[in-house]
Structures are given as structure tokens and as C-alpha cells.
Amino acid sequence: MTDTSPRAASAALYRAIWRWHFIAGLLILPFVLILAVTGAIYLFKDEINDAAYRPLRFVDPATTAPLLPSQITEAALAAHPGTLRAYSPAPAPDRSAEVDILGEDGLRDTVYVDPYRGTVLGTLWDGGAAGSPAMFVVRKLHSLDYVGWFGNRLIEAAAGWMVLLVATGTYLWWPRGSRLGTVRIKATRGRPWWRDLHAVTGLYSGMFIVFLALTGLPWSGVWGGKFYDYSYALGLGIPDGYWSGAPVSTVPVKDAVDRAPWIMENQPLPLSGASEGPVQPLDTVVARVEDLGLVPGYAVTIPGTPEGVFTASVYPDDITYERVIHLDQYSGAVLYDADLADLGTLGRWAEWGISVHMGQEFGLLNQIVLLLACLAMIALCLSASVMWWKRRPSGSLGVPQVPTDWRIPRMLLLMAVAAGLFFPLVGLSMLALAGVELAVHLRRRRRLRMA
């Protein structure tokens, strides 16, 4: 007969959670490695870009005033003919100005210009918010954008599973014997040492891993989309009446600027009014947004159609200064001007979380702490792989046995449903695993009856 004692039930629960922790960890391990390695690199994208492209990004400060924006963009267009798409003034006295140009070949390049002398320092393929082609590749790998929407879904599922792995890992970590390492590594060699390394690393890094997973989810397709919709419906994201009745286009803000507050990325750009004269000069537009108090580091996007608008946006390390301003290209009138304070509570929290996630909110300390978290994730993957390799029987995956008490899988199925309410893609994958578990259990029970 089946042992129904509390001790037996607890042991069965432990084995069931260990089995799911093992299978889920094995499945998402490659994605966790991708997230950890690319995330660790991207935390220092500005430092890497400055070191790798220093001759392009830095200039010798001059005692004279910088050239006008029109003079800087003319110098860039003379060296690199095409259509002016965006202009970024030098963010500091020792920095170059950046001019984005759409060339005749259809490629968009960034031309770096000395703002004092008008000298073109060089050109790079436009890497957008990443700041360089190399960091653009790292960013795309981090989200698996190279695989399209399916890659985004895989990363979203992996991020949700990371939260559950921390929860189940904490349960498995709970001290059950003095010989096992809990807050420090006790073993000296072999598989016990790798087990202790895995457990202790998970203990100290767990909350940081959960934070990184949750703050990365706003960029995801399913979870992020639902978060955006619900925050708007509750009046806690983008405020209702965002455009105050002004006509809008079908182009989202993210298609016009390199980087905007996440909560605003999918909002449509407004439209300029009827043409009543020439387009506002770039010098006038730059002077206008600076008079409005836009902090250094901003970029001005040039309208690409007769109905388009000038968009000035900045996303600094201190997100209290983030801001997006849209100007009518003919009249220069401000069509929209919002900063962090104009967002709802969830919108502000999301922006803060994203800022910390990218290592910019608290400066170098922020970067170092998250770098350690990324290294911990790599260590967890490495130790898990070694433990699996050492324990697996020859010719088998070495998956822990299915518990004989069927009440435990039912409990875990209920957990799958609960998790699916918060992490839809995790819920789907858990239900799929529960289906496999059910099939294995029924097959095993059938064999026992036949025996």
C-alpha cells in the first residue's frame, strides 16, 4: 500500500519539486547563459564603446562656442551624402556631435563630427541605443531578436522560469542535513562540492536573479504587452488622453527615436498641422527644446514625411530627467511634452526597474552588483551542468524518478495553473511538462499492475 504518512508525503513532494527543478533548469540553461553573458557585456556598453571608438566619440575641448547644429549637419552631409535623419548635440565639452544619415544605399550611418571645428571624425553603421554595431549585436543576442518573435517568446519563458527556479531552488536548499553547505561551501571535492557551490551561489544571488527576470519582462511580447494594457486600463501607466485629442499617425515612437521611455515606445507619433510655410530650421528646433529644459544627451529626430514631427528625446542615467517632446515641423508648436512625473505609478516603477536592470540608475555600483549577479548565473549553469554530468547513468539523461504518490503531481499541476496566470508562457510550458509527467506516471503504474 502507498505510504500516506506526512514524512512520506514530504519526501514525495521533495522528489517532485527536485524533478521539475532539474528538468526546467536543463531546458532553459542555454538561454540563461545567453542572458547572463550578453547582459554582463551590455552593462558596460558605454565604457566599451568609449574605449573601442575613442577617436570618434571624444574631442579636444575648445574655448570657442560650438558650431550651430546646421553647420555640423552640413559638414556631415558633405562627407557622407544622404538624408538627414537625426542630430545629437555633443553631451559634454569633450564629446563629439552625432549625425544620423540615411545613405543612398538604404543604410543608416552615424557620422561623428567635432562640434568646435566641424571636422568629420569618422562613420559607423548606426547601432541605435546600443551606441555601436558591436553592442547592437550584443543587444540583439540578449533578446534573441535574430530569431524573430519566436526567440522573444523563448527568452520570455526562460525569464519566467528563472523566477520559479529560484523559488524551487530555495525549497530544495532548505537545510536537511549538517553535511550539506547552506550558507557556505562545506564539501571539499567531488559532486558534493559542486552541489554546495550551486546551492550557496543560488542563495546569495537569488533575489538579484528574480529582479533581473522581472524587470526584463516589460520588453517581452506576451507578458510585457499584458502589463502595458493592464497598467493603462487601471490608469497607472500612460495617462488617458495622452495626446489631448491631437491627430496621430500609425508610426510608434520607438520607430522614430533610438531610445524612449519603455511605457511610451508603442504610442503613436502625432501629426504636424497643415503646411503654412517652410519647415522649422534645425537651429531653431534645438534652441527651442533646450529652452524647454531638455538635459544634455538628447537627440532630435528629423521628420521624414510632410505630416511628421520633430521629436526630441532623452533617456539619461537619472530617469527623473527622461523626457519626450514632439514639435510641429512647420509652426514649431509643442504637440506633446512629458517626463517621468507624467506617468502613472506602474509606469514609473517600470521605468525605474528598467533603468536599474540596465545598470544605469546607481552608476558603477549598479553595474558591479548586476555583473556579480550575471557571473552567479553563469556559475549556477556551470555547477548544474557538472552535477548532471557526474550523476547521470551511462546512456541516460539521469532525470530524477517520478514520485509514486500521484497527489504530488496534482499539486504541481495546480501550481502550474497559478504560475500561468502570472507568466502565461511559463504556464503553457508547465502544462506541457505536466502532460508528459502524467503520461510517464500512467505508464509506470500500468507496468506495476502488470507485474
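Modeller: What follows is a set of labels, each set against its cut-off; the model is predicted.

Colleague: Let us start with the rings. How many aromatic pairs are there?

Modeller: The count is 10 aromatic pairs. Rings pair if their centres lie within 6.5 Å.

Colleague: What makes phenylalanine 211 and tryptophan 352 an edge-to-face pair?

Modeller: Their ring centres are 6.2 Å apart, and their planes stand at 75°. Planes over 60 degrees apart count as edge-to-face. So the pair is edge-to-face.

Colleague: Why is this pair said to tie parts together?

Modeller: Phenylalanine 211 lies in helix H7, residues 190-216. Tryptophan 352 lies in helix H10, residues 345-357.

Colleague: What type of pair do phenylalanine 227 and tryptophan 262 form?

Modeller: A tilted one. The centres are 5.8 Å apart, with 45° between the planes. Under 30 degrees would be stacked, and over 60 edge-to-face; the rest count as tilted.

Colleague: Where do phenylalanine 227 and tryptophan 262 lie?

Modeller: Phenylalanine 227 is in helix H8, residues 222-233. Tryptophan 262 is in the loop between strand S5 (248-252) and strand S6 (268-270). These parts are 35 residues apart in sequence, so this pair ties them together.

Colleague: How do you know whether phenylalanine 227 is buried or exposed?

Modeller: Its relative accessible area is 19%. Buried means under 20%, so phenylalanine 227 is buried. Tryptophan 262 has 6%, so it is buried as well.

Colleague: Which residues form one aromatic cluster?

Modeller: The cluster consists of Trp223, Phe227, Tyr228, Trp262, Phe422 and Phe423.

Colleague: Why is the charged end of arginine 54 said to sit over the ring of phenylalanine 58?

Modeller: The charged end is 4.3 Å from the ring centre. The distance cut-off is within 6 Å, and the charge must also be within 35 degrees of the ring normal. The charged end of arginine 54 is counted as sitting over the ring.

Colleague: How many disulfides does a search of the whole structure find?

Modeller: It finds 0 disulfides. A disulfide needs a pair of cysteine sulfur atoms within 2.5 Å.

Colleague: Are cysteine 374 and cysteine 381 buried or exposed?

Modeller: Cysteine 374 is at 5% relative accessibility, and cysteine 381 is at 7%. The buried label needs under 20%, so cysteine 374 counts as buried. Cysteine 381 is buried by that rule too.

Colleague: Why give both an angle and a distance?

Modeller: Because two packed helices are described by the angle between their axes and the distance between the axes.

Colleague: What makes leucine 144 stand out?

Modeller: Leucine 144 has a positive phi of about 55°, although it is not a glycine. It is found in the loop between helix H5 (133-143) and helix H6 (149-173). Its relative accessible area is 12%, so leucine 144 is buried.

Colleague: Why is glutamate 265 called buried?

Modeller: Because its relative accessible area is 17%, and the cut-off is under 20%. Glutamate 265 is in the loop between S5 and S6. Its C-alpha atom is 4.7 Å from that of lysine 254, 11 residues apart along the chain.

Colleague: Where is glycine 25, and why does it count as buried?

Modeller: Glycine 25 is in helix H1, residues 6-42. It counts as buried because its relative accessibility is 19%, against a cut-off of under 20%. The C-alpha atoms of glycine 25 and alanine 384 are separated by 8.1 Å. Along the chain these two residues are 359 residues apart.

Technical notes. Residues numbered from 1 in each chain as written. Predicted model: local features only at pLDDT ≥ 70, side-chain atom pairs only at ≥ 80, totals over all residues. Heavy atoms only, no water. Phe/Tyr/Trp six-rings, centres within 6.5 Å; stacked < 30°, edge-to-face > 60°. Helix = DSSP H or I, 4+ residues; strand = E, 2+ residues; numbered from the N terminus. Buried < 20%, exposed > 50% of the residue type's maximum accessible area, 1.4 Å probe, protein only.
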